[in-house]
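Please open the model in your viewer and keep the selection tool at hand. The stops below go from the whole chain to a helix pair, then to the nonpolar cores and the salt bridges.

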Amino acid sequence: MRKAKLTKNQLHRLPEYLWVLKNLESNGLKTVNSQTLADCLDLNNELVRKDIASISTENGVPNKGRKIVQLISDIETILGFNTISNAILVGVGSLGTAFLHYKGFEDFGLKIVAGFDSNPLLSGKEVGNKPVYDVSELTEEKIKELNAHIGIITVPGYAAQVVADTLVKAKIQGIWNFAPTKLNVPDNVIVSNINLATSLAVLSYELYFRNEKEN
């Protein structure tokens, strides 16, 4: 079993390991060692070795490594990918609509079961085969009915805190926030912030810096 709580950096690396392991498995490999994973991802071997040791439920075999199928199972278990969690989404705009249509989230243990929006034209309709409710219906009773534990925020930044407050009041346990703002929530609510602007800024800067060097 896992010996200690994983760091954020380790959590960021585990999905990358999982992607490589599934590719290796699809190519017929049965075992893998940390050096192979490190080479595939251009990472330090010792770093990968410690990461794998911290999540593995079975010891490796000398000169062979660990069973790929077991490593995949261990990582999916720790990340919760093999247990589906219901989620609701607030903000059925362009991004929210794309999320409601996207079916790939279930591969990572997330099932969006409904959307909420303040636009009366959307209330009572379906988007991506999922019902859309008026945001006034976002209550603890509705969350219990939907058996949802995660709230996804895809509203503009100015509206995000109000939505977060509503989710907290409705007893949502975790928030996946795509709004460009920091949320204030109680300590018992977990928040994961995804700042698209920051990611784009890093990408744009790297492209600019590369072009400057080439010129």
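A residue is called buried when its relative accessible area is under 20%, exposed when it is over 50%, and partly exposed in between, with a 1.4 Å probe and protein chains only. By that definition, buried residues make up 37% of the 215 residues in the chain. This is a predicted model, in which local features need pLDDT of at least 70 and side-chain atom pairs count only at pLDDT 80 or more, while totals for chains, interfaces and linings use all residues. Residues are numbered from 1 along each chain as its sequence is written, and side-chain values use heavy atoms, with hydrogens and water left out.

**The whole chain**

Begin with the C-alpha trace, which spans about 60 × 50 × 35 Å along its principal axes. Colour by secondary structure next, and the chain shows 8 helices and 9 strands, where helices (H or I, at least four residues) and strands (E, at least two) are DSSP runs numbered from the N terminus. If a contact is taken as heavy atoms within 4.5 Å, then 56% of the contacts between residues at least 6 apart in sequence join residues at least 24 apart.

**A helix pair**

Select residues 8–26, helix α1, together with residues 68–79, helix α4; the two pack at an angle of about 145 degrees, with their axes 10 Å apart. Here the axes are lines fitted to C-alpha atoms over the stretch in contact, and angles run from 0 to 180 degrees between N-to-C directions. Show side chains on both helices, and you will find residues including L14, L18 and L21 of α1 meeting a set in α4 that includes I68, I72 and I75.

**The nonpolar cores**

Which residues have the most contacts inside the largest nonpolar core? Select I88, V90, F116, L146, I153, L167 and I175, which hold that place in a core of 23 residues; a nonpolar core is a set of buried Ala, Val, Leu, Ile, Met, Phe, Trp, Tyr and Cys residues joined through side-chain atoms within 4.5 Å. Strands β3 (85–90) and β4 (110–117) and helices α6 (140–146) and α7 (157–169) each supply at least two residues of this core, and the largest share, 5 residues, comes from α7. Centre the view on V90 and, leaving aside residues up to four places away in sequence, look for its contacts, among them F116, V135, I153 and L167. A second, separate core of 19 residues includes L24, L41, V48 and I68.

**The salt bridges**

Where a side-chain nitrogen of Lys or Arg lies within 4 Å of a carboxyl oxygen of Asp or Glu, the pair is called a salt bridge, and the count comes to 5. Select R13 and D51 for one of them, with the closest N and O atoms 2.6 Å apart; this pair links helix α1 to helix α3 (residues 45–55) across 38 residues of sequence. R13 is buried at 15% relative accessible area, and D51 is likewise buried, at 2%.

Stay on α3 for R49 and E46, which lie 3 residues apart, about one turn of the helix, and meet in a salt bridge of 2.5 Å, N to O. R49 is partly exposed, at 38%, as is E46, at 35%.

Finish on α6, where E145 and K142 also lie 3 residues apart and form a salt bridge with their closest N and O atoms 3.4 Å apart. Is K142 buried or exposed? At 11% relative accessibility K142 counts as buried, whereas E145 is exposed, at 56%.
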